[in-house]
Amino acid sequence: MRSFYNIAGQSIEVELLRRAASQLLIYNGEESTIAIKALGDDEYRVTVEDQSTSLFAIQQGDQFFIHLNGNNYQVDCEDEMQSASGALSDEDKVVANAPMPGTVVAVNVTAGQTVKSGESLMVIESMKMETTIAAWRDGVVCKINFCVGDSFDRQAELIQLEE
Amino acid sequence: MQRIISHINTNAESFKENSLYNLKLRDELKEKIRKARFDRPQRDFDRLKRQDKLFVRDRIDLLLDPGTPFLELSALAANRSYDGKSPSASMITGIGIVNGREVMIHADDASVKGGAWYPLSMKKLVRMLDIAIENQLPVIHLCDSAGGFLPLQSQFFADRYHGGRVFRNMCQLSKMGVPQLSVVLGHCTAGGAYIPALSEYSVIVRGTGAVFLGGPPLVKAATGEIITADELGGCDLHTQVSGTADYPASSEQEAIAKAREIVAQFSRIEKEKIEQQAVEAPYYDPSELYDIVPKDNKIQYDVRELIARIVDGSRFSEYQPAYGSTLICGFAHIWGYKVGILGNNGVLFNDSSLKGAHFMQLCNQNKTPLVFLQNITGFMVGREYEENGITKDGAKMIMSQACSVVPKFTVMVGGSFGAGNYGMCGRGFDSRLLFSWPNSKISVMGGEQAADVLVDIKLSQLKKEGVTLCEEEIAAIRKPVLAEYENESDAYHSTSEIWDDGILDPIDTRNSLGIAISASLNKSIEKPGFGTFRF
């Protein structure tokens, strides 16, 4: 199993392979045999090769807090997919298209106005539900194609932000 | 599994408004439940005391394992019927734990009209037994009922799902090998007498318990014989002479202790194994549900925000995240149990219907129970969508849903309108359990749309007669329709009619689903199979 952790701002990648009585840890291409024994009350005896030490560890969600030799460490687990994937970005998108036919209930901005990501630009109604068209990025509103009460078809270009 | 990233800002003004509104709904719910459970005239408590009987809630406390959860069902059944005179439809039902075994419990409430069954009591009893059959749960009956409430007999006796169904269901359970136990704590008269008689085991309390087909007044009227209830069908008669009951007890406490001992002898069923992992609390605080659910049902919001506050670690492996985006599908864990979740993010289109149909097939293939978070105004209407086959795509979704063999659970978290109710596993589709949130609404179409349709019809009728109406007259037609829709689409109406298994405080959703999933695994999951899909 390949795991990703973050210790003091530094990302590390380790592989852990199951062996008969112990586990094989691969870090930076180096292999070491490790064994972990729970001693109760969050205390563990960790043996790396022939070196043994005991430490305290607790897990809270994705974080581990480790007490070792009088020092405290925080280890954050990183999701494999999160570290592998690039964030989806709407940075280049210019226009909001209507997800379905409907009518405009409210227009909350005017052309030329500067908006922040997440701010409500327009509210539309379709099939008894009101949907907010929110700014998908920071930008300046350059074109509003419909007024309150106007109806539109699916994929209609509702509102535009400057490129 | 990746964690959902929440995008809400709980300090925003709209969230504060939502929170105020939803907390008010929660408080109303809690107060209604408290009343249904405990609000009785003092004279009723005094009468129970005189009769040497415990209040039904105390009986249940004695029966259950201490400190274990009890999932009470339909606590507000009949809240809109019989002038509110039948709190919880005069009986308690629910899933609890007795000597480590998950059991279904039915307990008559003798503090209300001697525990007489109203039509909705019968419906609740039949539903309770249906749940036992569907989940293979042993049943414990705490019997103390005067029998059917005679003035309303035409509404609970003769039809398919009326009184006879109670006994039919009891027989079916027995045939399936699922044991039932009756504890006779009061009278079991007429039909009610068959409850202990059809149970595998029964305990009867000396002095207060009695079982007979006709009580002393009926016997006197029929044959002139004058006899006391105890002589006619009391503890000693049935445990020593007739053999109708098994174990005598000298007090309610002893009877319930005996019942616990009997349950401890039940063989444990090996539960169905589904994917399971260590439990993790949600990363996002479930109490933020009050901030997220909009004050106005019409406002669309992201159902992932709800999922993040219900599932383990707020982790969600979303299926087809870029396709059919108005239906969110994906895998998650609830109390460690793997589930497939379907939640609405808008109206159902062709693509979202197909996505839902396929996702449910996947869940059937890998034995994953389904959880539906229903907030749906329906399938999309209009020429473009009909051309694209919205009706046949919706039919595929309904077919896939209806034929699913994995346990299904439904939570009405918002609106439930039209065929959307069907696609998303409404009451007609045998969810193992179906819960509502206090803000939820159900109807065949929205109130305003129904009013418009009815006004249109009325106007065209009148036009033929040469009559035209002014604005006020039209408003006068609309108003009562709107009011009736408002009233009848309300969650309290649904739960009163037992269209659901109870209204939940939203933050209890995770725990309720956890208990429901655990209970559902008492029944093994069959091999998947579907009907024909129209392509």
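Student: Why are α4(B) and α5(B) called roughly parallel to each other?

Tutor: In this predicted model, helix α4 (residues 119-135) of chain B and helix α5 (residues 163-175) of chain B pack at an angle of about 15°. Angles under 35 degrees count as roughly parallel, and α4(B) and α5(B) are therefore described in that way. Their axes lie 9 Å apart, and α4(B) passes α5(B) in a left-handed crossing.

Student: Which residues of α4(B) and α5(B) make the contact?

Tutor: From α4(B) the contributors include Met122(B), Leu125(B), Val126(B) and Leu129(B), while from α5(B) they include Val166(B), Asn169(B), Met170(B) and Leu173(B). By class, the residues of this contact between α4(B) and α5(B) divide into nine nonpolar, three polar and two charged.

Student: How many residues of chain A are in contact with chain B, and how many of chain B with chain A?

Tutor: Eleven residues of chain A are in contact with 14 residues of chain B, where a contact requires C-beta atoms, placed from the backbone, to lie within 7 Å. On the side of chain A that touches chain B, α1 (80-84) and β13 (129-134) each supply at least two residues, and the largest share, three residues, comes from β13(A). That side of chain A has five nonpolar, three polar and three charged residues.

Student: Into which domains is chain A divided, and how far apart do their C-alpha centres lie?

Tutor: Chain A is divided into domain 1 (2-84) and domain 2 (95-161), and the C-alpha centres of these two domains of chain A lie 49 Å apart.

Methods
Residues are numbered from 1 along each chain as its sequence is written. Chains are lettered from A and ligands numbered from 1 in the order in which they are written. This is a predicted model: local features need pLDDT of at least 70, side-chain atom pairs count only at pLDDT 80 or more; totals for chains, interfaces and linings use all residues. Two residues are in contact if their C-beta atoms, placed from the backbone, lie within 7 Å. Helices (H or I, at least four residues) and strands (E, at least two) are DSSP runs, numbered from the N terminus. Ala, Val, Leu, Ile, Met, Phe, Trp, Tyr, Cys and Pro count as nonpolar, Asp, Glu, Lys and Arg as charged, and the others, Gly among them, as polar. Domain bounds come from an automatic or database domain assignment. Axes are lines fitted to C-alpha atoms, for helices over the stretch in contact, and angles run from 0 to 180 degrees between N-to-C directions. Angles under 35 degrees count as roughly parallel, over 145 as roughly antiparallel, 65 to 115 as roughly perpendicular and the rest as oblique. A crossing is left-handed if the near helix is turned anticlockwise from the far one by less than a right angle, and right-handed if clockwise.
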